[in-house]
Amino acid sequence: MIIKNFKNLNISSERKIALEIFNSGLSALDYKKINFDKYLKTKQNNIYLVGFGKGSAEIADILRKKIKFKEIYVIDVKGRYFRGTHPLPSKKNFLFTKKLIERFEGKLTKKDLVIVLVCGGGSAMLIYPKIGLKRYIQVNQELLKSGANIYEMNTIRKHLDLVKGGGLVKILYPAKIISLIFSDVPGNDLSFIASGPTVKDKTKITDALRIIKKYKLKSVRKEDLIETPKEEKYFKKVKNILALSNLTALKAMKEKAESFGLKAKILIDNLKGDVKDVAKFLFSKIRNSKENILIFGGETTVKVEGKGKGGRNQELVLWFLKDLATYKKGDNIGIVSINSDGWDNTEFAGAIGDKITLEKAKKLNLDIDKFLENNDSFHFFKKVKDGIITGRLPINVADLILVWKI
């Protein structure tokens, strides 16, 4: 069981079903089951491996058993390679990228092959900003608190960083590139996963400026921005392959739900929006649904104004509970939402919420509104003991959400 506190959370038949469905989804995200051989048939003599993001170290371990690499450059938050940081960039991440650029820029040939592993969190780990590192970190801090979605955040990052938005391809040119991409971006637009280092970018500086204006960002200016490589020659020998996405988990969750004899439906795999609005949307959908289980993948946003501790999944569940508290019908409605990498900005992967949660909150005299005002969802779920614990998981395919009416 991937959910470590399953026994403590399993206090009703409905919760048991929901948590087992979730466990099936997380189990499906096992990249050891991926048939990498079909992607990696090659005749090149000199083969290099470059990887970045959460899970890249373990995937590198699998690939090095299949291929004899001339050199390996991998950065992850764990593993035996270079240890980087996430969610914020750091000097460690910068020095790794600098070393990579110094080794490869202008030094590869058409006969070389570079296999690139692009994983969730890669935007923070592969960095070579035009602006100073200190200010680049400030930009990322401001973006994380702004309420901007992942597409907007990565548009800004692309136009501040020389390795993003196809920039890595320019550095590795003219080598052949096979990029295996593990998506943490709702909708799986390859040009936005880890800010698209191996994909030709569609955005322009004007798009970044529009986002800066929309969120009134103070840490980045017009003169900081750079254009991403648009020349077709850099991308002719690049093969970008989506190896894993949240649909892998969502399909497994649907199958598990149906094994219980329940009606289940995957509604959206690219859910996005402010947690308050998304919670209302989810509550409305399940309340009026003919299905027992509705399944979603995506990534919500939170505008952080309080000083509490929490994550977008926990805050989503807390907003959902606020709506559930006013629901007077007898239907047993509930929600589970987690970050697939097991870390929802806290040691909780996410949370479960239902009428049982509300009863516990009432006994403890907890005011949901106060926790929401302070962005303090973590301490709410810690008190009611409905935070979900998985520990850090090796792969990130964005958030997984399930709502039920059983």
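Which handedness does the β-α-β unit made by β1, helix α3 and β2 have? The close-ups below start there. This is a predicted model, where local features need pLDDT of at least 70, side-chain atom pairs count only at pLDDT 80 or more, and totals for chains, interfaces and linings use all residues. Residues are numbered from 1 along each chain as its sequence is written, and side-chain values use heavy atoms, with hydrogens and water left out.

**View 1. β1, α3 and β2 form a right-handed β-α-β unit.** Right-handed means that, with the strands pointing away from the viewer, the path from the first strand over the helix to the second runs clockwise. Helices (H or I, at least four residues) and strands (E, at least two) are DSSP runs, numbered from the N terminus. Strand β1 (residues 47–52) pairs with β2 in the parallel sense over five bridges; strands pair if DSSP finds at least two bridges between them. Look for L49, whose bridge partner in β2 is I72. On β2's link to strand β3 (residues 82–83), two bridges join the parallel strands, and D76 has R83 as its bridge partner.

**View 2. Helix α3 is mostly covered.**

**View 3. D112 is buried but has no salt bridge.** A salt bridge puts a side-chain nitrogen of Lys or Arg within 4 Å of a carboxyl oxygen of Asp or Glu. Here the nearest side chain of opposite charge, K70, is 6.2 Å away; Lys and Arg count as positive, Asp and Glu as negative, while His and the chain ends are not counted. D112 sits in the loop between α4 and β4. A polar atom of the D112 side chain lies 2.8 Å from the backbone nitrogen of T109.

**View 4. D37 and K66 meet in a salt bridge.** Their closest N and O atoms are 3.5 Å apart. D37 lies in the loop between α2 and β1 and K66 in the loop between α3 and β2, so the pair ties together parts 29 residues apart in sequence. D37 counts as partly exposed, at 41% relative accessibility.

Note on methods: Buried < 20%, exposed > 50% of the residue type's maximum accessible area, 1.4 Å probe, protein only. Polar contact = N/O pair within 3.5 Å; in protein donor to acceptor, adjacent residues only side chain to side chain.
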